[in-house]
Amino acid sequence: MARPTPDTAADPSKGRHGPAAVAKTRSPARAAGLRTPSWVGWLFVAPALAFYVVFVLRPIVLTVQYSLYRWDGIGPSTWVGLANYGKVFTDPDLFDSILNAVKLILFFSVIPVLLGLAIASTIRRIATSRLALVARTVLFLPQVIPLVAAGIAWTWVLSSTGVVNQVLSHLGLGGVTRAWLGDFSTALPAVGVIGAWVLLGLCTLLLLAGMSRIDPALYEAARLDGAGSMREFLSITVPILRQEIGVCVTVTVIAALASFDIVYISTQGGPGNSTMVPGLEIYYLAFSERQVGMASALAVVLMVLVLICALPIQWLTKDKNS
Amino acid sequence: MIVGRREVWTGRLLLVLLMAVTVVPFISLFVTALHPSGSYPLGLDWPGDPHWDNFVKAFEAANMGELLKSSTLIVIGVVPISLLLATLAGFAIGHLRMAGRNVVFLTFVLGLTLPFEGIITPLYYQVRDLGLLNTRWAIILPLIGLFMPFSVFWMRAHFVNMPQELTESARMDGANLWQLFWRVHVPLAMPALSSLAILLFLWTWNQFLLAIVLVDDPLKRTMSGALGAFQGQWGTDIPLLSAGSLLILAPTLAIFLVFQRRFVTALLQGSLKG
């Protein structure tokens, strides 16, 4: 697999130094840059920028604007300042949706990344076998199918007559069987399990691809020095995979905070409000309850929350050597 | 390499177990789809007499022909335009290096982590004001904009690594900028473009939120959005719902299996870059 260059690509701040360094070593670069006037470059960027401004930046600004008003989407709107934000953080129903999204991180991120690491380092040695090639395809299936389909399939697997309960009964655990998605105490973890299923394969394969970069001699040296497999894992695998781990964590945390499809299909936020997440709450507030201002305030909080989580992870796991 | 026999076998066992867990929901869906319509079958029990006709019923109930057409039209609307715009922009930012490129690039990068739910409300009113609600354009146009951050990011990463000497020598041979772009750089960008095309296809085909908010008629939605409507309508008839779900995910599955190597590479690279 051709490795991309995320170190220059993933970090926009480096772009500022990159071109200058290149120009210094390669003078033709400057010449080419000079020969094409700047406005031509802007002409190339303009169409993409236009779509982005109209369908992303303008809506972001509007979301912030809406969030400061009380508006039912039809009639006149009333300026309420930051009252909607106050409500987001004090109304238990709204705030619980944010808490639920944070709890989902455990299932969407922590479990897939830790389990993915464990699995990848176990199957590292057979990564080129035929079985592993088949596994590559199979493990990608959850990434390819619509999340909606995953939701429907799992709703059935977790239902009172589903596979999970069937297996539990066979194991003699008939006492714990239940409608996992319909029970107040298990609905959120059950939704989390669906997310973990979707993301585990991706994490495993990403980490495995990263491990194939590690020189086997490193492990041999560690073995000769008497290192156990735990030691190997902590001292060699994890530090080298820093970047891949960072990618996995970022992708999965965003998936948890911004989850919508799976919850919409499997529980619709219920039972009660026990699986309500911000994405779904925004949808209900804006399009069923006609509280556009409140929905927008929650949307702003969600967008900021995602940024707050994504940026430090990028910064922490950046490869300092390159 | 020192490989313990035990380690190899634990590895294999783990891999098989993991594959089993991945596949179980699909098998459950399949087995359930074969039960008599309207019944509540138990987990993984194979039915006495498999009702293959459920698939025919679901095909008709979901109006699969129309759905396929609709999703295809949406993909045709989104993917080529996105590729073109992103290539132009990526080329300018990554290779022409025009003044102000860093500001533009940073602006695009800011959109990378944006959850779609964040802007769905104003998007609804905007699309309504454009008079596009309930048309396929309501999904196509916003998606192009929403995919721009990633697409530009992706294409820039490609162009930034293209040697400037290439441009120099083409210029020496008298190529103008347009020829340089189309004859030299676009052909060389094909691997990056085809991976991006696969990702955009997948994300468009599976787009759910925009479809259910902006288009009421399931027949004008993406496959994913239509499946949502199908669940609403047939949610109580489990075997039929299972058959329908399988049919609706079959096209992506088929395309995935045909192009699996490209898919896997694209998805791995995609998440690494994103």
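UniProt, in an unreviewed entry, marks "transmembrane region" at residues 12-34, 73-96, 103-125, 137-159, 180-205 and 238-259 of chain B. In this predicted model, the span 137-159 of chain B is 100% helix and 0% strand. Chain B as a whole has 13 helices and zero strands. Chain A has 17 helices and two strands. The two chains touch through 95 residues of chain A and 99 residues of chain B.

**Annotated spans in chain B**
- Residues 137-159 of chain B have end C-alpha atoms 30 Å apart.
- Residues 238-259 of chain B have end C-alpha atoms 31 Å apart. That span is 95% helix and 0% strand.
- UniProt also places "domain: ABC transmembrane type-1" at residues 68-259 of chain B, again from an unreviewed entry.
- The ends of residues 68-259 of chain B lie 19 Å apart, C-alpha to C-alpha. The span is 77% helix and 0% strand.

**Chain B overall**
- Read along the sequence, the pattern of chain B is α-α-α-α-α-α-α-α-α-α-α-α-α.
- The C-alpha trace of chain B spans about 75 × 65 × 30 Å along its principal axes.
- Chain B has 274 residues, and 52% of them count as buried.
- Take the contacts in chain B between residues at least 6 apart in sequence: 72% join residues at least 24 apart.

**Chain A overall**
- Chain A has 322 residues, and buried residues make up 46% of them.
- Take the contacts in chain A between residues at least 6 apart in sequence: 73% join residues at least 24 apart.
- The UniProt annotation "domain: ABC transmembrane type-1" covers residues 98-313 of chain A, from an unreviewed entry.
- Residues 98-313 of chain A are 74% helix and 0% strand. Their end C-alpha atoms are 20 Å apart.

**Confidence in chain A**
- The mean pLDDT of chain A is 84. In chain A, 88% of the residues reach 70 or more.
- Residues 1-34 of chain A have pLDDT below 50. Beyond near neighbours in sequence, this stretch has 43 contacts in the model.
- Where pLDDT is low, predicted coordinates should not be read in detail.

**Where the chains meet**
- In all, 95 residues of chain A are in contact with 99 residues of chain B.
- Helix H5 of chain A, residues 38-66, gives the most to the side of chain A that touches chain B. Its share is 19 residues.
- That side of chain A divides into 71 nonpolar, 17 polar and seven charged residues.

- H5(A) packs on helix H5 of chain B, residues 120-129, at an angle of about 110°. The axes are 8 Å apart.
- That angle makes H5(A) roughly perpendicular to H5(B).
- H5(A) brings Pro59(A), Leu62(A), Thr63(A) and Tyr66(A) to this contact. They meet Thr121(B), Pro122(B), Leu123(B) and Gln126(B) in H5(B).
- The residues of this contact divide into five nonpolar, three polar and no charged.

- Ser242(B) is in helix H12 of chain B, residues 238-258.
- Ser242(B) is buried, because 26 other C-beta atoms lie within 10 Å.
- His35(B) is 207 residues from Ser242(B) in sequence. Their C-alpha atoms are 9.9 Å apart.

**Two positive phi angles in chain B**
- Arg97(B) is not a glycine, yet its phi is positive, about 50°.
- Arg97(B) sits in the loop between helix H3 (64-96) and helix H4 (101-110) of chain B.
- Arg97(B) is buried, with 24 other C-beta atoms within 10 Å.
- Asn134(B), also not a glycine, has a positive phi of about 65°.
- Asn134(B) lies in the loop between H5 and helix H6 (137-159) of chain B.
- Asn134(B) counts as partly exposed, with 15 C-beta neighbours inside 10 Å.

**Gln268(A), a loop residue**
- Gln268(A) is in the loop between helix H15 (261-266) and helix H16 (278-287) of chain A.
- Gln268(A) is exposed, because 12 other C-beta atoms lie within 10 Å and the cut-off for exposed is 12 or fewer.
- Tyr284(A) is 16 residues from Gln268(A) along the chain. Their C-alpha atoms are separated by 9.9 Å.

Terms used:
Residues are numbered from 1 along each chain as its sequence is written. Chains are lettered from A and ligands numbered from 1 in the order in which they are written. This is a predicted model: local features need pLDDT of at least 70, side-chain atom pairs count only at pLDDT 80 or more; totals for chains, interfaces and linings use all residues. Two residues are in contact if their C-beta atoms, placed from the backbone, lie within 7 Å. Helices (H or I, at least four residues) and strands (E, at least two) are DSSP runs, numbered from the N terminus. Ala, Val, Leu, Ile, Met, Phe, Trp, Tyr, Cys and Pro count as nonpolar, Asp, Glu, Lys and Arg as charged, and the others, Gly among them, as polar. A residue is buried if 20 or more other C-beta atoms lie within 10 Å of its own, exposed if 12 or fewer, and partly exposed in between; C-beta atoms are placed from the backbone. UniProt positions are given in the numbering used here, feature names are shortened, and annotations may be inferred rather than shown by experiment. Axes are lines fitted to C-alpha atoms, for helices over the stretch in contact, and angles run from 0 to 180 degrees between N-to-C directions. Angles under 35 degrees count as roughly parallel, over 145 as roughly antiparallel, 65 to 115 as roughly perpendicular and the rest as oblique. pLDDT is the predictor's confidence in each residue, from 0 to 100.
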